[in-house]
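Subject: Model handover

Hello,

Here is the model we talked about, ready for you to open. My notes follow below it.

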Amino acid sequence: MSDFAPAGDPVIPDYGQASDCVINNGAFCTDWFLSQWSTVFWPPLVSHIVMVAIAVSIGFVIAFGAGLLAYRKKWLAGPIGMAATFLYTLPPLALFQLLVPFTGLSLLTVEIALVCFTLIIIFQAVLVGLSGVPDDVRRAATGMGLDRNQLLFKVELPLALPSIISGLRIATVLTVSIATIAAFVVDDGLGSPIIKAVSSPFNTQFVGAGALAVLLAFALDGLLVLLGRVLTPWTKARS
Amino acid sequence: MTQHSTGTSITFDRATKTYPGAAVPALDALDLEVEAGELVCLVGPSGGGKTTALQLVNRLVDLTSGDIRIGDRSITDQSAIALRRTIGYAIQQSGLFPHYTVADNIATVPVVLGWDKARIRTRTAELLELVGLSPVETWLPRYPAQLSGGQQQRVGIARALAADPPVMLMDEPFGALDPITRVAVQDEFLAIHRAVGKTTLFVTHDIDEAIKMADRIAILKPGGKLAQFDTPANVLSDPADDFVAEFLGAERGLKRLALTTVGEIVTAGTTGAKAATTDGARPSTTGWPDVEATMTLREALSVVSAARADGAIVHSDGSRLGEVSLHDLIAPPAAGEDREGVRA
Amino acid sequence: MAILGQGHLNRRQALTGLGRGLLGLGALGAAGASLSGCTSSQQSDLTGPKKKGRRPITVGSKGFAESWITGELYAQGLRNLGYTVDLKTNVGSSDIINTALLSGQIDLYPEYTGVMLVTFMGEDKLMDSAQQTFDLAQTWAEDNQVTMLRATPFENKNAVAVRKDFADKHDLQTMSDLKGIGAFTYSTYPDNVTGAQGYEGIVDTYDLKNMKLKTLSIGLNYQAIERGEIDAADVFTTDPQLLRSDLVVLDDDKKLFGFQNVVPLIRDDAFAELDDDASEFLDTLQSLLTLDAIQAMNEASAINRLDPANVAEMFLDENGLM
């Protein structure tokens, strides 16, 4: 049995009056954007950054290790590259789909998928960077008595940095974009307000969140460019 | 380690290298002794094994059989890494690290050897002065990309000298330079070599460079066999076999003239003027061009030929030393024979 | 263009747009994978002493605003009581979210009693009352080791609305009153023409041969009826537009549209983890969810575009539930 009668009159909160722009679903309502910033935009922006940072960091560690391994053991480059390319070619949604039965609707699912997409980009960047170290430089370094680790850390990796950083830039921008799809799995990231705003068309919400995703991609890319400049001063030096 | 440690001999003792899968050795039982302080050029056609011979010394390539000793010590007595840190190494295109400044490039080996900063700074400055890049403050913070080819090569030499190794290996170090820069860097290197006395093994494919630089030349022929090992003058005047003769080329006689300067034959007293007094029939020097005492006979001959004259008037520091006749130039007595004495 | 699309926000049956279908499949896959573990065996190891927050409770909601708000109400209220709550909004349509509930991916979500009958039980008989609907749904819940808590006073179901002047002119109170008033125009969205509760079902059940059809894209109904382009419109009873428009909802006197009160569905094993304060809170909350209340919250979400979390928080606050 259930009692369908109200237990008493509920107090209905005053939710305020929406502006004409909001009621008419204008292209972009600045008033709403600003008033909802702290609830609708800021938390997803933060979780988006965290998602991307985790994915790119883990992807970097794995792909960097794999890149070093493939560089030292050339025969591994083919198989690793093929495996990473395979992961990269999976449609993100399909990958989520495959993972959900094992890892559930969780951040773990999202991160696994995001990491998968960064691997081939960073792996190749590391491998191309290391392979691009001029032979005469490597020979000179060896001939002067640098051991394998000194060669790697003093010569090969620094010279591979420009390539590695461009790989990181591509991986980061790509991850910022793919992470919006994560909202199909977890209620996190900028994809969340976008998806909600698309199903109940509200322009300000998806325009705002979409613009934030684009700005975030630009900002992170810019940061990596700066990082690259700081780490590779010689690339700017010309006579 | 002192700043100018005297060189140490390098001895190849039936040194042989056969690369995996190769039918014939790249270097076949090479016996060669490079004396302390000597500059020996390894020359020969491609496939003669000259670079292999060089890289055997610092174990970039491992011996198949035989031995190489630096001083009394076999190169296999210590680890390859430790060995290499006692050997200066300079290669074509300089092999400078593009991401290191000039200062850091030169400091590479001192840093891995754990020298303190002050010592490294002093040494770096000293070496830049030595290779003619001064004021040093201008050059220390630059990256290789900011240097000309010749400047890069000078830094490459400074880097090879950094830890004051008794032995230098140079693998076609000037091969990529334009002819004018190349001559200048060769002259500077010779001066440095004479000043610091490092035992130097120098690979080049350019026989003229070898003639100019070497105390002795080792000519390798295909199959990695030593064809001849002797002073430039002897190699030129007395090739050991047809291969050497052919390798030296049709201009062998002219190349020989490059071993002697005009100044040497003027001071040797075989001037046209003296000849005239003994003959009593002094030839006219009218129309003879002026040449500098430092010119090689080959260069002076070129000047005389261009002037369609029978001889040249020799100057040094603006004062007239005497004259040389066309005959003196093309048939100098014992040209270059006292070269050993010239060596520092 | 006002209010465009608002109507479809509230559709009980989530219009699985964009990607939700995908997730749904994922959830089903997960269900398949974990169902083999069998839910009943899990219960044995859940018989310890009750302790708050012993295990996080996962609250789910479907893919539309009313469900998001209800889910937020549950989640925030339980969190306030000290439980660890994980809220998964937008899980998917009824089938998908129900599978997620039974497979243990979520523990609790708001469902509509009528939907349970039609979607989970395949029941097509017309019900007489909300209570009858509730009781029948209860049998499904018991069969599936699910606990059904108190139902809301409000229902969210299809209805026919007319302008007030039109109702006054023809003296309309019930849908049966529409018979014999002469030809008039009714609009619904294209997907809702055929079927027992669609246009054809209404015409059959109420014998309304005078009702002419005009299909409009979802959400355009309110605009069209306010402008007088149509006389009657297919609406949902909790549509916030009903608060603002001068419309009258006609009584479904033949009970064609059934009964759609909201109940919290919670798996028995998860329910066993909760203290009494949790069910007390849910019962109190449910009893406060009147039509006015849910319409106001829907309006805050759909028209003011406030975040469902905000909307729910303010309601809990004002009603002393926080």
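pLDDT is the predictor's confidence in each residue, on a scale from 0 to 100. This is a predicted model, so that scale comes before anything else. For chain B the mean pLDDT is 84. In that chain, 90% of the residues reach 70 or more.

Two stretches of chain B need care. Over residues 268-280 of chain B, pLDDT stays under 50. The model still has 21 contacts beyond four places in sequence for that stretch. Residues 335-344 of chain B also stay under 50. There the model has 16 contacts beyond four places in sequence. Where pLDDT is low, the predicted coordinates should not be read in detail.

Chain B: domains and sheet

Chain B is divided into domain 1 (10-257) and domain 2 (262-330). Taken over C-alpha atoms, the centres of these domains of chain B are 36 Å apart.

Next, the sheet of chain B. It is open and has 6 strands, in the order 6-7-8-3-9-10. The pairing is mixed. Strand 6 and strand 10 (225-230) of chain B are the edge strands, and each pairs on one side only. From one strand to the next, the twist averages 15°.

Strand 3 (residues 39-43) and strand 9 (residues 216-221) of chain B pair in the parallel sense, over 4 bridges. Within that pair, B:Leu42 has B:Ala218 of strand 9 as its bridge partner.

Two helices to look at against these strands. Helix 1 (residues 50-57) of chain B lies across strand 3, strand 6, strand 7 (167-171), strand 8 (199-203) and strand 9 of chain B. Helix 1 of chain B runs at about 145° to strand 8 of chain B. Helix 7 (residues 149-161) of chain B packs on the sheet and touches strand 6 and strand 7 of chain B. The direction of helix 7 makes about 165° with that of strand 6 of chain B.

Chain B: backbone points

Most residues other than glycine have a negative phi, and most peptide bonds are trans. B:Ser134 and B:Pro135 are joined by a cis peptide bond, with omega about 0°. B:Pro135 sits in the loop between helix 5 (117-130) and helix 6 (136-139) of chain B. B:Glu172 has a positive phi, near 45°. That residue, B:Glu172, is in the loop between strand 7 and helix 8 (179-196) of chain B. B:Glu172 counts as partly exposed because it has 19 C-beta neighbours inside 10 Å, and buried would take 20 or more.

Where A meets B

The contact takes 19 residues from chain A and 20 residues from chain B. On the chain B side, helix 2 (80-84), strand 6 (87-91) and helix 4 (108-113) each supply at least two residues. Helix 4 of chain B gives the most, with 3 residues. By class, this side of chain B has 11 nonpolar, 7 polar and 2 charged residues.

One residue of chain A is worth a look. A:Ser35 is found in helix 2 (residues 30-72) of chain A. A:Ser35 has 17 C-beta neighbours inside 10 Å, so it counts as partly exposed. A:Gln17 is 18 residues away from A:Ser35 along the chain, and their C-alpha atoms are separated by 13 Å.

Chain C

Chain C has 15 helices and 10 strands. Of its 322 residues, 52% are buried. Among contacts in chain C with a separation of 6 or more, 81% join residues 24 or more positions apart.

Which domains does the assignment give for chain C? Domain 1 is 6-11 + 52-155 + 259-318, and domain 2 is 158-249. The C-alpha centres of the two domains of chain C lie 28 Å apart. Across the boundary, 16 residues of domain 1 of chain C are in contact with 14 residues of domain 2 of chain C. On the domain 1 side, helix 1 (6-9) and helix 14 (291-302) of chain C each supply at least two residues. Helix 14 of chain C gives the most, with 6 residues. That side has 5 nonpolar, 6 polar and 5 charged residues.

Strand 1 (residues 57-60) of chain C pairs with strand 2 (residues 85-88) of chain C in the parallel sense, over 4 bridges. C:Gly60 stands opposite C:Lys88 in strand 2 of chain C. C:Ile57 and C:Val59 point one way from strand 1 of chain C, C:Thr58 and C:Gly60 the other way, and all are buried.

Last, C:Arg305. Its phi is positive, near 60°. C:Arg305 lies in the loop between helix 14 and helix 15 (308-318) of chain C. C:Arg305 counts as buried because it has 23 C-beta neighbours inside 10 Å.

Best wishes

Notes. Residues numbered from 1 in each chain as written. Chains lettered and ligands numbered in written order. Predicted model: local features only at pLDDT ≥ 70, side-chain atom pairs only at ≥ 80, totals over all residues. Contact = placed C-beta atoms within 7 Å. Nonpolar A, V, L, I, M, F, W, Y, C, P; charged D, E, K, R; others polar. Buried ≥ 20, exposed ≤ 12 C-beta atoms within 10 Å, placed from the backbone. Domains from an automatic or database assignment. Pairing = 2+ DSSP bridges. Axes fitted to C-alpha atoms, helices over the stretch in contact; angles between N-to-C directions.
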